[in-house]
Amino acid sequence: MLETRLRPLASCSFSVLTRARGLASSSTPSSQLRVAGGTYRQDAFTNVTNAIIQKAETSLLSKPSHPLSILNSLIHSHFPDYKAITPSSPVVSVFKNFDELGFPPDHPGRRHTDSYYVNKEQLLRTHASAHQIESFQTDAKKWLLTADVYRRDEIDASHYPVFHQMDGARVFDKSPSELRALEEENEVMAHRLAQENILIEDESSIGPQNPYQQAHDPAQAALVAANLKHTLNGLMLKLFGGAAGATKENPLRVRWIDAYFPFTSPSYEVEVFFRGKWLEILGCGVVNQAILDRAGVKERISWAFGLGLERIAMVLFSIPDIRLFWSQDPRFLSQFTPGVISTFKEFSKFPSNWKDVSFWISRDVHENDVCDIVREAAGDLAEDVKEIDRFVHPQTSKTSLCYRIHYRSMERSLSNAEISAIQDRLEGMLVSELGVEIR
Ligand code: PHE
């Protein structure tokens with residue numbers, strides 16, 4: 001997955017957060033979970049929380065003036081002849097999310113600390129690519145698919161446990177006539193891009209690190225990869241060219257570098273130079289033939305890409321905090337107009353409050369476990385969470401952790417009483433869920 005997480009892990013155990021807390025309702029037996037309209041069995045592996053289940057019920061993309069939906073529509077309008085595929089539930093099998101796409105058994109994304117499991121066999125999809133095989137099965141030769149995706153993570157202005165990805169693909173018949181047409185199309189596209197205000201810096205290279213596949217004729221794979229590059233360069237120009245004020249003298253800079261994904265080869269990452277920084281925009285590549293074979297379209301070859309809508313929308317609309325996408329405040333939503341990329345005008349910030357919580361632990365505690373409990377106790381009122389101290393008592397050898405929680409609402413002032421009540425709830429949950437001892 002694009003966002004590789006290399007943070008040190010305090011623990012990889014799955015002994016904590018073993019069930020959706022407080023979910024048992026009169027209509028659902030406590031061994032069952034309701035998620036996005038479906039009923040699922042809970043087991044010792046369940047770690048999806050109520051806060052997350054609620055998010056799975058909210059569709060941000062159905063609001064036409066929401067910045068995510070403006071961006072989504074803009075990309076669709078750039079690719080008018082691509083079929084829009086809407087995946088059903090965010091709950092998918094572990095097999096479909098990981099195994100079928102070639103993720104190794106020890107891939108970090110599979111960890112209980114990194115993903116939301118509904119039970120041992122099913123989880124909230126961690127990427128839109130979980131639907132790749134079924135999308136190839138639709139027989140559409142060009143498709144786009146947008147999905148809400150879920151990853152356990154830290155709490156700060158750019159991480160949220162739910163975000164949106166769009167995957168897209170184009171499929172070709174390996175027939176001489178189709179490949180000849182592709183060659184011609186590539187020439188036209190390359191010629192057109194050469195007239196535009198874009199500077200393409202291609203630092204990728206085919207080699208043992210990033211090979212064409214055994215199953216492919218290298219000349220055919222090269223045509224498909226070139227088409228992928230031309231297509232996505234055009235998209236980058238559409239999304240960023242205007243906002244970056246690209247001109248002949250000062251063109252939009254787009255950089256291609258080698259990447260690795262278990263389901264594409266060669267694989268690439270695309271970066272765009274925007275407001276003085278290189279931004280990682282998307283991952284893509286030539287789809288592994290095994291995936292097309294599995295989808296029942298052996299005689300075809302395809303490229304695919306996947307991008308994160310929040311990350312792009314945050315830079316294009318100048319949205320400073322990822323929580324704003326979930327805000328119900330009219331001062332947020334009323335600022336945007338369908339079809340238009342506009343600059344968000346920050347409304348006055350409400351006061352911040354910081355509270356620390358210190359506790360002794362008797363077993364390893366992963367930061368993502370603490371963060372999920374903060375999300376349960378505080379919802380979106382927690383702006384960020386940081387471990388600020390960790391020490392081992394010299395006599396007892398017990399470990400103490402201290403976390404600092406920054407509380408601030410996007411929408412209103414918080415009272416001291418309200419924050420204290422949240423903090424009390426948080427302490428109670430840390431004790432009951434993680435077995436810690438509050439200091
Ligand atoms: N699914 C990948 C991610 O999570 C992106 C990707 C999609 C890469 C399709 C290649 C092809 O980042």
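Axes in this description are lines fitted to C-alpha atoms, for helices over the stretch in contact, and angles run from 0 to 180 degrees between N-to-C directions. Helices (H or I, at least four residues) and strands (E, at least two) are DSSP runs, numbered from the N terminus. The structure is a predicted model, in which local features need pLDDT of at least 70 and side-chain atom pairs count only at pLDDT 80 or more, while totals for chains, interfaces and linings use all residues. Residues are numbered from 1 along each chain as its sequence is written, and side-chain values use heavy atoms, with hydrogens and water left out.

The account begins with a pair of helices. The axes of helix 10 (residues 367–378) and helix 11 (residues 416–434) come within 9 Å and cross at roughly 135 degrees. Angles under 35 degrees count as roughly parallel, over 145 as roughly antiparallel, 65 to 115 as roughly perpendicular and the rest as oblique; helix 10 and helix 11 are therefore oblique to each other. Their crossing is right-handed, where a crossing is left-handed if the near helix is turned anticlockwise from the far one by less than a right angle, and right-handed if clockwise. In terms of contact (heavy atoms within 4.5 Å), the residues of helix 10 that meet helix 11 include Asp 369, Val 370, Ile 373 and Val 374. Among the residues on the side of helix 11 are Ile 422, Arg 425, Leu 426 and Met 429.

Strands of a sheet pair through backbone hydrogen bonds, either parallel or antiparallel. Two strands are taken to pair if DSSP finds at least two bridges between them. The sheet in question is open and has four strands in the order 14-15-13-16, with antiparallel pairing. Strand 14 (382–392) and strand 16 (437–438) stand at its edges, each with a single partner strand, so one side of each is left without a neighbour in the sheet. Strand 14 is joined to strand 15 (residues 399–407) by nine bridges in the antiparallel sense, and Ala 382 has Tyr 407 in strand 15 as its bridge partner. Helix 10 lies across strand 13 (353–361), strand 14 and strand 15, and runs at about 135 degrees to strand 14. Helix 11 packs on the sheet as well, touching strand 13, strand 15 and strand 16, and its direction makes about 20 degrees with that of strand 13.

Strand 13 has pairings with two strands of this sheet. Nine bridges join strand 13 to strand 15 in antiparallel fashion, with Ile 405 in strand 15 as the bridge partner of Lys 355. Two bridges join strand 13 to strand 16, again antiparallel, and there Trp 360 is partnered by Glu 437. The loop between strand 14 and strand 15 holds Ser 397, which has a positive phi of about 60 degrees although it is not a glycine. Buried means under 20% relative accessible area, exposed over 50%, and partly exposed in between (1.4 Å probe, protein chains only). Ser 397 is exposed, because its relative accessible area is 53%.

A further open sheet has eight strands in the order 3-6-7-12-11-10-9-8, with mixed pairing. Its edges are strand 3 (83–85) and strand 8 (198–202), each with a single partner strand, so one side of each is left without a neighbour in the sheet. The twist averages 25 degrees from one strand to the next. Strand 10 (residues 264–274) and strand 11 (residues 277–287) run antiparallel and are joined by nine bridges; Val 272 stands opposite Leu 279 in strand 11. Strand 10 also contains Pro 266, and the peptide bond from Ser 265 to Pro 266 is cis, with omega near -5 degrees. Helix 5 (residues 176–195) lies across strand 7 and strand 8, running at about 125 degrees to strand 7.

Two loop residues complete the picture. Asp 139, in the loop between helix 4 (132–137) and strand 6, has a positive phi of about 75 degrees although it is not a glycine. Asp 139 counts as partly exposed because its relative accessibility is 46%. Arg 152 lies in the loop between strand 6 (142–150) and strand 7 (162–173) and is buried, with a relative accessible area of 0%. A polar contact is a pair of N or O atoms within 3.5 Å; within protein, one must be able to donate a hydrogen and the other to accept it, and residues adjacent in sequence count only if both atoms are side-chain atoms. The side chain of Arg 152 makes such a contact of 2.6 Å with the side chain of Asp 369, and another with that of Asp 372 (2.6 Å).
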